[in-house]
Amino acid sequence: MKRKIHMELLATAVFAILLTLLCALFVFYGVYRKQVIGDLKADALVMKNMHIFDNISDLHPDAYDLNPDTLRITVVNANGSVIFDSNADFSVMENHEDRPEIHMAAKVGEGSGTRRSTTLDRNLFYYAIRIDNGRILRIAREGDNIFALTQNMMMTVVGVFVLLFFFCIMMANYFTKNLVAPIEQMAENLSEPGTQAAYKELVPFMNKIRQQHEDILKSSQVRQEFTANVSHELKTPLTAISGYAELIEHGMSGENTERFASEIHKNAARLLTLINDIIQLSQLDGGKKDVEYRDLDLFPLARECVDMLQMNAQKQNVTIRVQGGEAPVFADKQLMEELIYNLCDNAIRYNKKDGTVTVTTGIENGHTFLSVKDTGIGISAEYQERVFERFYRVDKSRSKATGGTGLGLAIVKHIVAQHGAKLTLESEQGKGTEIRVEFSEALKQHEIETAKQRQEVHAERSENGSSD
């Protein structure tokens, strides 16, 4: 960044120097031209007042000692014919009626101009004035045009440019260091809470970067915790499977072979469930590619889920039932089945003996809702915000005894977020828990557009894959 700022400052300085020198050259030439014309006008007025050229027939070209390198005097009749010239043979000179300074003098009494003389082939400054007898007296002086003036001043211009350029290099280096130093200092201490932006324009950027930095750290911490938890959760059933299998392998099971085999099967099932939940959560984190949004009714899905979990509920001495009515939503069927299953399974697992689980669907205040209410152990207020975290368990011993993975509610949270729904939890320790999901009909069009975009991307990737 320093190099870029430094180069841009130098480029700006070079442009400013060149523009300044060019403007100064034009201004100087304008002052120079005005001064020369002023001098010619003074000489012309003196000659007019002295009546030197009133009787041109008595005037011989050698009567006045005029330096041809300083002044040129020409007298022109009213019709434009040249009757006297101090530097050329006037008899062969063409009519001067069309000369700008002559034309202006004949019209308003005086005129001036700068151009290259066709007679002498030199650049001249002209001033013409009408004398008393109607003739035009013109005085000219050789002078450099702006291009010749530039060439004559080139060494001076180059010298000034070089001096200014080196001065600008030093100043650009100084300003660059002073401009960037506070930004570098802020970047080095960005993570410190007391760090302030050196410039007020950088405050939004600093806040954004600091927020992103905090999110990255938080995300990294979550990933580390997730990895540690996954390793621990996978290690537990694998250790049990390995231990029981080793006992059977060495013939040490005796009459407990069936029990050991049962433990291996149970831990393998738990391991498989855990792996499936991790895969499901990973897909939701990365954005499920094959989501198909369509119009659904949650009531039959809830009823199917309750029927599927009846046996599991009976093993836990829990009664599960469904009530309510039609609950239309625009959602992915597979994800809705996962949502209902995880809520019901969690309600059964953390319920009390002879407890109940009530699944309710319907429409309330214009919004479709799904409610899963149990009469289980409940959740104290200080833990209610964390139950949707991965692998978080309020009662770890009970969770392990019932085979919970600690990922069910985390999956629920992701599915709810993906469908733009609202998730609420009401619980009281020892009395039970109700988790309610409320869907907004206003989000339907948004979900349709999102689904179309994902399906198009998925189709495009499929075509690219097949073409390869």
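Thr-368 is buried, with a relative accessible area of 6%; the term buried denotes a relative accessible area under 20%, exposed over 50% and partly exposed the range in between (1.4 Å probe, protein chains only). The structure is a predicted model, in which local features need pLDDT of at least 70 and side-chain atom pairs count only at pLDDT 80 or more, whereas totals for chains, interfaces and linings use all residues. Residues are numbered from 1 along each chain as its sequence is written, and side-chain values use heavy atoms, with hydrogens and water left out.

Thr-368 belongs to strand E10 (residues 367-374); strands (E, at least two residues) and helices (H or I, at least four) are DSSP runs numbered from the N terminus. Of the eight residues of E10, six are buried. A polar atom of the Thr-368 side chain lies 2.6 Å from the backbone oxygen of Pro-328. Contacts (heavy atoms within 4.5 Å) of Thr-368, leaving aside neighbours within four places in sequence, include Leu-298, Ala-327, Pro-328, Val-329 and Phe-439.

E10 is part of an open sheet of five strands with mixed pairing, in the order E7-E9-E10-E12-E11; two strands pair if DSSP finds at least two bridges between them. Strand E7 (318-324) and strand E11 (422-428) form the edges, each pairing on one side only. Strands of a sheet pair through backbone hydrogen bonds, either parallel or antiparallel. Strand E9 (residues 355-364) runs antiparallel to E10 and is joined to E10 by eight bridges, with Glu-364 having His-367 of E10 as its bridge partner. The two strands form a hairpin with two residues between them, and Asn-365 in the turn has a positive phi of about 55°. E10 also pairs with strand E12 (residues 432-439) in the antiparallel sense, over seven bridges. In E12, Phe-439 is the bridge partner of Thr-368, and Val-437 that of Leu-370.

Helix H7 (residues 298-308) and helix H9 (residues 333-349) have axes that come within 10 Å and cross at roughly 50°. Axes are lines fitted to C-alpha atoms, for helices over the stretch in contact, and angles run from 0 to 180 degrees between N-to-C directions. H7 and H9 are therefore oblique to each other; angles under 35 degrees count as roughly parallel, over 145 as roughly antiparallel, 65 to 115 as roughly perpendicular and the rest as oblique. The contact involves residues including Leu-298 and Leu-301 of H7 and Met-336 and Ile-340 of H9. H7 also lies across E7, E9, E10 and E12, running at about 165° to E7.

Key: A polar contact is a pair of N or O atoms within 3.5 Å; within protein, one must be able to donate a hydrogen and the other to accept it, and residues adjacent in sequence count only if both atoms are side-chain atoms.
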